[in-house]
Amino acid sequence: RPVNLVEGQTGRFRLTASAPITVTGRFLDRAFVAGSDAGGTSAVILVGIPIDTQSGSYPLDLTITSDAGQTTMQVAIPVVGKVYRSEVINVLADRSNLLDPAIDEAELNILRGVMSAFNPERYFVDLMGLPAAAGISSPFGSSRVYSGSDIQRIHTGTDFAGAPGSPIFAPAPGRVVLADTLNIRGVATVIDHGWGVYTGYWHQTEHYVSVGDNVTAGQVIGAIGSTGRVTGAHLHWELWVNGVPVDPMQWVSVSFVD
């Protein structure tokens, strides 16, 4: 799901067997581990399609292990491109130093370390809820030029233009794996929802949860703010699948459970 995977979105593969199986493999040059359902007879692979993936057919390599032995197979999977918009962003003047690519990469390495681990326990049960009661000010995937410079970034989340101090809600059950203050993302929280799915909440004025906390859908986990590299107060919401940031709004309308 979907039949043709889309650049910047999540794809799901489900394998069913007559006996318990474990499934690992590679897709788009990334290794993955499948989640397990139905007593181990159903394996679910969730993959993130990176924003720069070109349209074409890509090999899905599978290794399937059961009590009877191990089998490998390869399936050709179609991926289609998507057109994303462009934006010009004017960062607050006193934070222009945060456009330094070295600062950007160092912080991304922290997030990759946190959001690339695979948790075999699945906490999410259906559609994601919205993390804020506010309008969307900037969608996922936009190509951004910052402060009139030639520095470009891809917007790897969805921005909600909430008022300072407005509540931020957990969109699904999970466990907090990061609650810290970062240079670019400001006061930040990351929730592990299991099966390689993580959500991140940036630029908060404060967070109300700590690492190790279990959260429920709809729980208030923080407040919208303007910390980090921002133009003003808002919530930047990210969703990562298998170590790849993807469009979180897909998860609001598509269930990857059924």
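**Ground rules**

I note that this is a predicted model, in which local features need pLDDT of at least 70 and side-chain atom pairs count only at pLDDT 80 or more, while totals for chains, interfaces and linings use all residues. Residues are numbered from 1 along each chain as its sequence is written, and side-chain values use heavy atoms, with hydrogens and water left out.

I placed N119 in the loop between α1 and β10 (136–138). Helices (H or I, at least four residues) and strands (E, at least two) are DSSP runs, numbered from the N terminus. N119 has a relative accessible area of 17% and is buried.

I found L28 in the loop between β3 and β4 (30–33). N119 and L28 are 91 residues apart along the chain, and their C-alpha atoms are separated by 21 Å.

**Entry: positive phi**

Most residues other than glycine have a negative phi. H203 is not a glycine either, and has a positive phi of about 70 degrees. H203 sits in strand β17 and is buried, with a relative accessible area of 5%.

**Entry: strand β6**

Is strand β6 enclosed or open? Seven of the seven residues of β6 (residues 42–48) are buried, so the strand is largely enclosed by the rest of the structure. In a regular strand the side chains alternate between the two faces of the sheet. I checked the directions in β6: S42, V44, L46 and G48 point one way, and A43, I45 and V47 point the other way.

I then looked at the partners of β6. Two strands pair if DSSP finds at least two bridges between them. Strand β2 (residues 10–16) is joined to β6 by seven bridges, and the two run antiparallel. Along this pairing, R14 stands opposite V44 and R12 stands opposite L46. Strand β5 (residues 35–37) is joined to β6 by three bridges, again antiparallel. Here G35 stands opposite V44. β5 and β6 form a hairpin with four residues between them, and A38 in the turn has a positive phi of about 55 degrees.

The three strands make an open sheet in the order β2-β6-β5. β2 and β5 are at the edges with a single partner strand each, so one side of each has no neighbour in the sheet. Neighbouring strands are turned by 25 degrees against each other on average, direction ignored. For such angles, axes are lines fitted to C-alpha atoms, for helices over the stretch in contact, and angles run from 0 to 180 degrees between N-to-C directions.

**Entry: the nonpolar cores**

I listed the largest nonpolar core, which has 18 residues. Such a core is a set of buried Ala, Val, Leu, Ile, Met, Phe, Trp, Tyr and Cys residues joined through side-chain atoms within 4.5 Å. L5, V23, F27, I45 and L62 have the most contacts inside this core. The elements giving two or more residues to the core are β2, β3 (22–27), β6, β7 (56–66) and β8 (69–80).

Beyond its neighbours within four places in sequence, I45 is in contact with G11, R12, F13, L15, V23, F32, A34 and L62. Another core, of 14 residues, lies apart from the largest one and includes L46, M128, L239 and V241.

**Entry: helix α1**

Helix α1 (residues 101–115) has 15 residues and reaches 20 Å from its first C-alpha to its last, close to the expected 21 Å. The expected span is 1.5 Å times one less than the number of residues.

Which residues of α1 are buried? I found D104, E107, L111 and M115. They cover an arc of only 80 degrees around the axis, which puts them on the same side of α1. The arc is that of the directions from the helix axis to the C-beta atoms. Among the elements that cover these buried residues are β12, β15 (174–182) and β20 (235–241).

Key
Buried means under 20% relative accessible area, exposed over 50%, partly exposed in between (1.4 Å probe, protein chains only). Contact means heavy atoms within 4.5 Å.
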